[in-house]
Amino acid sequence: MLPPSLSNGACSLNCGEDKYTLSAIIDLDGEGNIKKTELKNTVINSRVRGVYSEVNKLLSGTADGQIKKKYAGVKPTLEKMQRLYEILLEKSKTRGAIDFDADEAVIIIDGDGLPAEIVRRERGLGERMIEQFMLCANEAVATYLTERGIPCVYRIHENPPEDGFSGFLNYLESLGFDVRSLRKSEPTPKMLCAILEMAEERGMMEAVSYTMLRSMAKAKYSEVRKGHFGLGIENYCHFTSPIRRLSDLATHRIIKKVLFEGKRAENYASYARRAAAAATDGELRALMAERRIEDLYKVIYMSDRVGEEFDATVNSITNFGMFVSLENTCEGLVPISELAGLYTFDERNLTLRSRYKTYRIADRLRVRLEEANISRGKLRFSVIGDN
């Protein structure tokens, strides 16, 4: 959000430099419950420039001597962090927080600005630890502000819409899941976690997770507290990244003005409302731009691979074909016109069916790349052995 001179310089917690910060100091009990939160102006001096890949090796016991030397002064702290992470993770599972663990692409750019390689992003222990700590901090700050009647830019995620969830249950039924008991009750985070566990056991995690996500309400920002369904948290905001998200920056501004400068809390209610609307709008535009750029890079990368064969998974099925994804996260369409024979679309069971063959979501296929259309940002595949 901020220019690099600020985000990577003046506002970044660079190693060995004193930096002014707004800190949430949180006391937790042995089960990870938040007992007390303090918000203070502080000075931080980072001892090590941590790198996730190095921390992951250190915690897994595979680090070389150079990495061990670099982190020697903070290794005891990292070990305590790992124990706390395990406590917070267990608490998260108990309340039914949904971990979609969505696959993200890492696009490696060469010296000419072109994609040289695309791989799946791996979330190691280091990434997961920081994720849990940020969730804890965000919940603690939102609770602190709520209890004191201070305006907050909440991150909310409402319950799944009835029509979307009903369609998702139909989809599960088409995959052979017994959903009779699920139709009789309101959706809960724990229920959806159980579905994802069953999907993982059946080797359908990617497709089921993708479809579940599409059936749910979109998370957004609001000045009104409505809870976060996906995380199973009543009070939640974004606080941890003020140099890259407007919502976090707005929360910091409110805290500074009301808590440290003594301004009247009610004076910032309209600011929280405007900031929430702007943050939601900005997030949507940023996501759209990010997806378009990512799709473009993927098509450019695959343009030299037209005619090659790949292993793929069916992600979704429509009346005009099926979308498949490769191991490197690139996705494209197999048009119904590319399939041998006459296929019909079964909307209820989400299948493409001919007299001799049926395609379902989560099917594993061998496909050939037929076209990489850079101007449209689209990939087109055909199925090998479709007869």
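The chat below goes from the whole protein to its cores, a helix, a pocket, a cavity and a loop residue.

Q: What kind of model is this?
A: It is a predicted model.

Q: OK. How many helices and strands in the protein?
A: There are ten helices and 14 strands.

Q: And what box do the C-alpha atoms fill?
A: Roughly 70 × 55 × 40 Å, taken along the principal axes.

Q: What share of the residues is buried?
A: Buried residues are 41% of the 387 in the protein.

Q: Now the largest nonpolar core. Which residues touch the most other members?
A: Y171, L172, I195, V208, M322 and F381. The core has 50 residues.

Q: Which elements give two or more residues to this core?
A: On the helix side, they include helix 6 (162–174), helix 7 (189–201), helix 8 (205–215) and helix 10 (269–302). Strand 7 (309–318), strand 8 (321–326), strand 13 (364–373) and strand 14 (378–383) are also among them.

Q: Which gives the largest share?
A: Helix 7, with six residues.

Q: Pick L172. What does it touch?
A: Not counting residues up to four places away in sequence, L172 touches F177, V179, I195 and V208.

Q: What other core lies apart from that one?
A: One of 25 residues, with I150, V153, I255 and A265 among them.

Q: Back to helix 6. Which of its residues are buried?
A: F165, F168, L169, N170, Y171, L172 and S174.

Q: What do they pack against?
A: The buried residues of helix 6 pack against helix 7 and helix 8.

Q: How far apart are the end C-alpha atoms of helix 6, and what should it span?
A: They are 19 Å apart. With 13 residues at 1.5 Å a residue, helix 6 should span 18 Å, so the two agree.

Q: What comes just after helix 6?
A: G176, with a positive phi of about 95 degrees.

Q: Switching to pockets. What's the volume of the second largest pocket?
A: About 370 Å³.

Q: Which residues lie nearest its centre?
A: In the second largest pocket, Y171, T211, R214, I317 and L350 do. The lining has 18 residues in total. Y171 also turned up in the largest nonpolar core.

Q: Which element gives the most to that lining?
A: Helix 6, with five residues. Helix 8 and strand 7 also give two or more.

Q: How does the lining divide by class?
A: The lining of the second largest pocket has eight nonpolar, seven polar and three charged residues.

Q: How many cavities of 30 Å³ or more?
A: A search of the whole structure finds one. The largest cavity has a volume of about 60 Å³.

Q: Which residues line it?
A: The largest cavity is lined by G32, I34, L88, K91, R95, Q132, L135, C136 and E139. By class, that is four nonpolar, two polar and three charged.

Q: Which helix gives the most there?
A: Helix 5 (125–147), with four residues of the lining. Helix 4 (75–94) supplies at least two.

Q: Last one, S354. Where is it?
A: S354 is in the loop between strand 11 (351–353) and strand 12 (358–360).

Q: Is S354 buried or exposed?
A: Buried, because its relative accessibility is 15% and the cut-off is under 20%.

Q: What is S354 in contact with?
A: L342 and Y343, leaving aside neighbours within four places in sequence.

Terms used: Residues numbered from 1 in each chain as written. Predicted model: local features only at pLDDT ≥ 70, side-chain atom pairs only at ≥ 80, totals over all residues. Heavy atoms only, no water. Buried < 20%, exposed > 50% of the residue type's maximum accessible area, 1.4 Å probe, protein only. Contact = heavy atoms within 4.5 Å. Core = buried A, V, L, I, M, F, W, Y, C linked by side-chain atoms within 4.5 Å. 1 Å grid on protein atoms, 1.4 Å probe; cavity = no way out; pocket = protein on both sides within 12 Å on 5 of 7 lines; lining within 4 Å. Points joined across faces, edges and corners; volume = space filled by probe spheres on them. Nonpolar A, V, L, I, M, F, W, Y, C, P; charged D, E, K, R; others polar. Expected span 1.5 Å × (residues − 1).
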